Amino acid sequence: MRVSDMKIGDEAVIKKVTAEEPIRSRLYAMGITRGNRIKLLDHTLKKQTWEVEIEGTRVALRDEEAKSIEVEK
Amino acid sequence: MKKIKAVMVGQPNVGKSSIINAISNARLHVGNFAGVTVEKKEVEITKNEYELDIVDLPGIYSLHAYTPEEHVTKKYLLQEEYDVIINVVDANVLQRNLIFTLQLLDMQKKMILVVNMIDEVEEKGGSIDAQKLSELLGIPVILTSAKQKRGVEEIPDKLIEIYESTRCDCKIYYNEKIEEEIEKLSTILLKSPHIQDSKIARFYTIRLLEKDEDVYKIIHDLPIFLELHEALGESMKRLELEFDIDDVRDLFAQERNALAKSIVMQVMQLPRKESLTDKIDKILIHPIFGLPIFLFFMWALFQLTFEIGSIPMDYIDQTVSNFADWLKGILPPGDLNSVITDGVIPAVGAIIMFLPNILILFLGINLLEQTGYMSRAAFLLDGFLKKFGLQGKAFIPLVSGFGCTVPAYMAARTLKNPKDRLITMLILGFMNCSARLPVYVLFIAAFFPTHSAGNVLFAIYILGAILGLIVAKILRIVLFKGEPEPFVMEMPPYRFPSLKALAMELWIKTKLFIKKAGTFIAGTAMIIWFLSSYPVDQKLIHIYEQKIEFAKSEQEKTKLQNELAAKSLENSYLGQFGKAIEPIFAPLGFDWRMSVATISGLAAKEVVVSTLATLYAVGEADENNSTFIQKLRENIDFKAAIALIIIIMIYSPCVAAMSTFYAEVPQWAWRTFYTIYPNVLAWIMAFLAYNILSVAGF
């Protein structure tokens with residue numbers, strides 16, 4: 001399951017980040033790392049942009065990035 | 001007196017600037033880092049026989065630098081000389097901030113940790129055990145709230161304390177297997193005579209394992225590199241196999257994250273409850289209502305900018321012209337008098353006049369930024385702008401562009417990605433700035449029926465914006481292949497802005513703006529004045545003086561004076577230049593007068609109106625003058641008028657804006673492209689319009 005498959009309000013644990021560098025490092029810097037809990041807060045009307053929360057930080061992502069984060073409920 | 005040099009680093013939005021502002025008795029210097037346009041703030045404090053010099057580095061999320069500002073910070077951290085690092089973190093998101101802190105600790109430099117915004121954690125009923133945190137990290141920890149001025153006074157004391165202490169327990173131990181590899185590699189690195197310090201060897205080794213290109217470059221030229229490179233590859237392979245990962249970078253990210261998590265669990269108590277941010281966000285970034293609310297905010301900002309901003313405009317204009325008149329009276333008559341009172345002062349005045357608009361716009365943008373709403377606006381608009389190869393944050397400079405292109409270029413700094421920033425800046429000129437309005441008003445009044453004037457004006461603005469989006473798309477496809485860079489952005493919590501910080505930001509922006517406009521506009525004004533005043537044709541003046549003397553009525557006198565002014569201008573260098581470039585504009589139906597007006601519009605768009613007025617021999621005139629409009633109708637046909645409007649819409653913005661672009665973009669290739677392409681595009685579009693209209697029988 002990926003972040004883009006989650007529903008608003010869902011929480012999950014990050015399993016793997018498959019994005020390419022340098023985005024992967026940027027996601028890590030935001031706390032999007034294996035083992036951390038991620039919560040889907042919101043997305044825009046057409047699900048192009050997503051807002052997630054990881055350990056207290058809110059992060060906006062695009063579709064591509066949301067797809068690159070594998071999670072497990 | 002002993003000197004201590006400290007650098008202040010931290011992730012974005014942790015409140016570093018507020019801390020700098022809150023440190024009392026500090027003298028603040030603002031400039032740019034050498035060679036880049038990233039703002040550099042520096043404060044000096046004197047305390048117990050010590051002079052403390054603190055450099056505030058731009059926010060950085062990680063030593064894997066990504067944005068231009070992060071590269072500045074990283075370069076400073078790696079290459080400059082300093083004694084102590086002041087690492088500021090946000091107490092609300094301690095875990096994420098500690099990941100970066102752990103990266104810094106690898107450097108094993110003297111460091112203090114400032115845990116800011118502790119008041120917000122305590123309000124929610126949480127707490128942080130500073131003593132424990134200090135023990136775990138091996139560095140001094142201060143809990144602060146810049147807003148309440150709490151703990152900030154301790155920073156200088158701790159700074160001196162750690163400077164004087166000789167010990168540093170700050171060393172992070174990773175997994176045994178990782179430590180083994182670090183040990184192997186740093187032993188090799190220490191064989192090099194260039195690296196004597198085992199601390200640096202350890203730090204470089206860790207960075208190399210994390211594929212840090214900047215450190216790679218440092219090591220690359222050392223003779224030891226060959227041996228090291230081979231061992232490094234082997235170490236990486238072993239670690240990848242051992243931990244079943246694709247990349248050693250992941251390993252360090254996971255190690256640091258686990259460490260940060262366990263530290264937070266040991267030192268922090270935080271009961272979770274729905275924060276104010278959650279409640280506000282439910283409304284402000286609502287999938288359906290978010291966009292209309294955002295548009296309302298933008299509309300309100302524009303109304304404020306132009307409604308309130310225009311109030312002092314006339315007053316400033318009056319003051320400037322009174323000043324020029326007064327100076328004209330007391331300075332001895334002659335060229336110097338003329339260049340100052342006719343050339344420099346009105347030109348600089350014309351720029352100062354826009355200062356209120358610019359300040360209000362900046363205040364609005366700063367408010368959006370400080371409250372945390374800006375990120376939400378970018379979030380809402382990203383999907384739409386992505387279609388044109390831009391990203392959400394580009395909206396802010398684009399909107400500012402309707403006011404004035406100069407601050408818009410500066411606002412483009414909020415775009416962190418260099419490519420996105422460049423594309424946005426390259427199309428900002430198509431957002432019609434307020435200086436172009438007088439030209440449009442004049443030509444619409446002259447060539448369109450009154451009842452459709454408003455619609456035509458609206459069409460011009462909309463067409464400009466649409467053209468900008470289309471060009472952005474083309475630039476993205478042709479010059480920067482592929483999609484816009486990915487968009488990963490922190491959404492900071494909503495905060496009440498600090499008045500002091502707002503005022504400080506505004507003051508810095510004002511100072512920079514006046515300095516730039518003052519020096520630059522004064523310079524161009526002198527050049528334009530010179531070109532339009534020389535060479536002086538004494539014979540012509542003599543003939544006209546005689547004619548004026550014998551003039552029967554005041555009316556005739558004015559007419560002759562205007563004729564003289566027009567003839568002088570025609571003979572001036574500017575006039576000669578206009579004739580020389582006439583062939584370029586001839587296919588658009590322009591005469592030499594329109595050509596000169598177009599060129600002079602590069603100095604400032606308003607100048608187009610005054611130049612045309614002078615050249616068509618009507619003397620002092622504004623866009624509402626009916627004789628002037630009559631003259632325009634007689635001399636310019638409809639097709640050429642449309643061509644001129646198109647030129648004004650598209651071609652290069654004023655020199656002030658262009659110089660701002662040059663200051664923000666250091667690459668000559670881009671500067672050259674920026675200088676040429678809008679003018680070529682403007683010409684082609686005007687040419688097409690002119691010919692289509694003539695085929696259509698206008």
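I take buried to mean under 20% relative accessible area, exposed to mean over 50%, and partly exposed to mean in between, with a 1.4 Å probe and protein chains only.

**Entry: the model.** I am working with a predicted model, in which local features need pLDDT of at least 70, side-chain atom pairs count only at pLDDT 80 or more, and totals for chains, interfaces and linings use all residues.

**Entry: salt bridges.** I count a salt bridge where a side-chain nitrogen of Lys or Arg is within 4 Å of a carboxyl oxygen of Asp or Glu.

**Entry: B:Asp119.** I looked up its partner and found a salt bridge to B:Lys147, at 3.9 Å from N to O. B:Asp119 sits in helix H4 (residues 118–123) of chain B and B:Lys147 in the loop between strand S8 (141–143) and helix H6 (154–164), so this pair ties together parts that are 28 residues apart in sequence. Helices (H or I, at least four residues) and strands (E, at least two) are DSSP runs, which I number from the N terminus. Is B:Asp119 buried or exposed? I note it as buried, because its relative accessible area is 4%. B:Lys147 is exposed, at 60%.

**Entry: B:Glu227.** I found B:Glu227 in a salt bridge with B:Lys191, at 2.7 Å from N to O. B:Glu227 belongs to helix H10 (residues 225–243) of chain B, and B:Lys191 to the loop between helix H7 (176–190) and helix H8 (198–209), so the pair ties together parts that are 36 residues apart in sequence. B:Glu227 is partly exposed at 38% relative accessibility, while B:Lys191 is exposed at 51%.

Entry: The closest N and O atoms of B:Glu570 and B:Lys579 are 2.6 Å apart, in a salt bridge. I have B:Glu570 as partly exposed at 25% and B:Lys579 as partly exposed at 36%. I also noted a network of salt bridges with shared partners, whose members include B:Lys74, B:Asp106, B:Arg207 and B:Arg256.

**Entry: cores.** I take a nonpolar core as a set of buried Ala, Val, Leu, Ile, Met, Phe, Trp, Tyr and Cys residues joined through side-chain atoms within 4.5 Å. The largest has 102 residues, and those touching the most other members are B:Leu390, B:Ile427, B:Phe443, B:Phe590 and B:Ile636. Helix H29 (residues 638–650) of chain B gives the most to this core, with 11 residues. A second, separate core has 66 residues, among them B:Ile182 and B:Leu228.

Terms used: Residues numbered from 1 in each chain as written. Chains lettered and ligands numbered in written order. Heavy atoms only, no water.
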